[in-house]
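Let's walk through this structure together, from the whole chain down to single residues. Please keep the sequence and the model side by side as you read.

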Amino acid sequence: MSSLCTLQPQASRVTRMLNISKVQLPLQLPTFSRSSDRLLQPLWDYFLFNHYFLISSPFFPVILCFSSYFFSSLPFAVLDLLGDKVPSIHRYKIQQERRPTMRMMAKSFGRAVYNHLIFVLPAVLTQTCFMPSVALPSSAPTMVEVLIDGLAALLLFDTQYYMWHFVHHKHPQLYRWVHAIHHEYMAPFSWNTQQISIPELLTVGFWSNLDPILLKCHPFTTWCVTIFSIWMSVEDHIGYDLPWALNHLVPFGLLGGAPAHDMHHQKPNSNYAPFFSHWDRLFGTAILPGKITEKKVVYSL
């Protein structure tokens, strides 16, 4: 893709497209490098030139997070509703005696929508009143930067959440008032991923925004981490031990996946890490999937 060298042709085309030639542009548009040997540069130039106002908006991370959660969860919600009508998939369900109902799904999804409408969006709107917008870089990250910085962000968040998760399960009051809402159901399902309290949402959101800043991640890397981490979170909650899931594709049991987190919902004092398995192994909180001797509970409408 050929790139532009000056700001004026770029701004002119944008204003013509939006029919706002007499309105001053609220954001500073980036300039483009004449050439680049970076593999992601054409893609980054495309985003900057065609979707700058969207990707530079403070609401873009919220849109990205919620849409990733919605579209990652929806296929598994359909599979839960179909149940044994799709035997090729249903045979991988971990707790086959427990099946989420429409009411359970609506409650979990409703909580996620409520959290975003009542707390997340107003918080972002307030932030825009006090913090200036940040111009996006003109250069794309290298593939190595995306992989290394992305992995570092995932490992850092995994460490932070492991400690937070461990403390909230060991402290009865913290568990009751902050984390218990996520454990309403012993058998997790996809919409249950973001059935969390406001304090937990604020904590997770704080780390998710702070970690890329501390690691000096490129915005494109941050977006990739956001999508990938939400996919991993949803996959942990789907309740299916699919053979093509990430925990089977990544070797040496480095990822816990749905079996580990499903076990956490059955035995809450185990498998605290959200993604990886090394902290649970090191601190002796890892429990391998197996049969549970506790009394079974069947949820219904």
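**The chain as a whole**

The chain exposes about 16,700 Å², and carbon and sulfur atoms supply 67% of that area. Accessible areas here come from the Shrake-Rupley method with a 1.4 Å probe, and for residues only the protein chains shown count as cover. Before going further, please note that this is a predicted model: local features need pLDDT of at least 70, side-chain atom pairs count only at pLDDT 80 or more, and totals for chains, interfaces and linings use all residues. Residues are numbered from 1 along each chain as its sequence is written, and side-chain values use heavy atoms, with hydrogens and water left out.

The chain contains twelve helices and zero strands; helices (H or I, at least four residues) and strands (E, at least two) are DSSP runs, numbered from the N terminus. Reading along the sequence therefore gives the pattern α-α-α-α-α-α-α-α-α-α-α-α. Of the 301 residues in the chain, 43% are buried, where buried means under 20% relative accessible area, exposed over 50%, and partly exposed in between (1.4 Å probe, protein chains only). Now take the contacts between residues at least 6 apart in sequence: 72% of them join residues at least 24 apart. Contact means heavy atoms within 4.5 Å.

**Two helix pairs**

Two packed helices are described by the angle between their axes and the distance between the axes. The axes are lines fitted to C-alpha atoms, for helices over the stretch in contact, and angles run from 0 to 180 degrees between N-to-C directions. Angles under 35 degrees count as roughly parallel, over 145 as roughly antiparallel, 65 to 115 as roughly perpendicular and the rest as oblique.

Start with helix H3 (residues 60–82), which packs with H5 at an angle of about 180°, the axes being 12 Å apart. H3 and H5 are therefore roughly antiparallel to each other. On the H3 side, the contact is made by Val62, Phe66, Tyr69, Phe70, Ala77, Asp80 and Leu81, while H5 contributes residues including Met102, Met105, Phe109, His116 and Val124. Sorted by class, this contact of H3 with H5 has 14 nonpolar, two polar and one charged residues. In this sorting, Ala, Val, Leu, Ile, Met, Phe, Trp, Tyr, Cys and Pro count as nonpolar, Asp, Glu, Lys and Arg as charged, and the others, Gly among them, as polar.

How do H6 and H7 pack, and at what angle? Their angle is about 110°, with the axes 5 Å apart, and that makes H6 roughly perpendicular to H7. Tyr161, Trp164, His165, Val167, His168, His169 and Lys170 in H6 meet Pro172, Leu174, Tyr175, Val178 and His179 in H7. By class, the contact of H6 with H7 has seven nonpolar, four polar and one charged residues.

**Helix H8 and its surroundings**

Helix H8 (residues 198–214) has 17 residues and reaches 24 Å from its first C-alpha to its last. That is close to the 24 Å expected at 1.5 Å a residue, the expected span being 1.5 Å times one less than the number of residues. Ile198, Glu200, Leu201, Trp207, Asp211 and Pro212 are buried in H8. The buried residues of H8 pack against helix H5 (102–130), helix H6 (143–170), helix H7 (172–179) and helix H9 (219–237). Just after H8, Lys216 takes a positive phi of about 55°.

**Residues to look up**

In the loop between H7 and H8 you will find Phe189, which counts as buried at 1% relative accessibility. Its C-alpha atom is separated by 8.1 Å from that of Asp80, 109 residues apart along the chain. Leaving aside neighbours within four places in sequence, Phe189 is in contact with Asp80, Pro100, Met104, Met105, Ser108, His237 and Ile238.

Cys65 sits in helix H3 and counts as partly exposed, at 27% relative accessibility. Beyond its neighbours within four places in sequence, Cys65 is in contact with Thr226 and Ile230. The C-alpha atoms of Cys65 and Ser229 are separated by 9.7 Å, although these residues are 164 apart along the chain.

Finally, visit two loops. Phe252, between helix H10 (246–249) and helix H11 (257–266), has a positive phi of about 65° although it is not a glycine. Is Phe252 buried or exposed? Phe252 is exposed, with a relative accessible area of 71%. Asn271, in the loop between H11 and helix H12 (278–282), has a positive phi near 50° and counts as buried at 5% relative accessibility.
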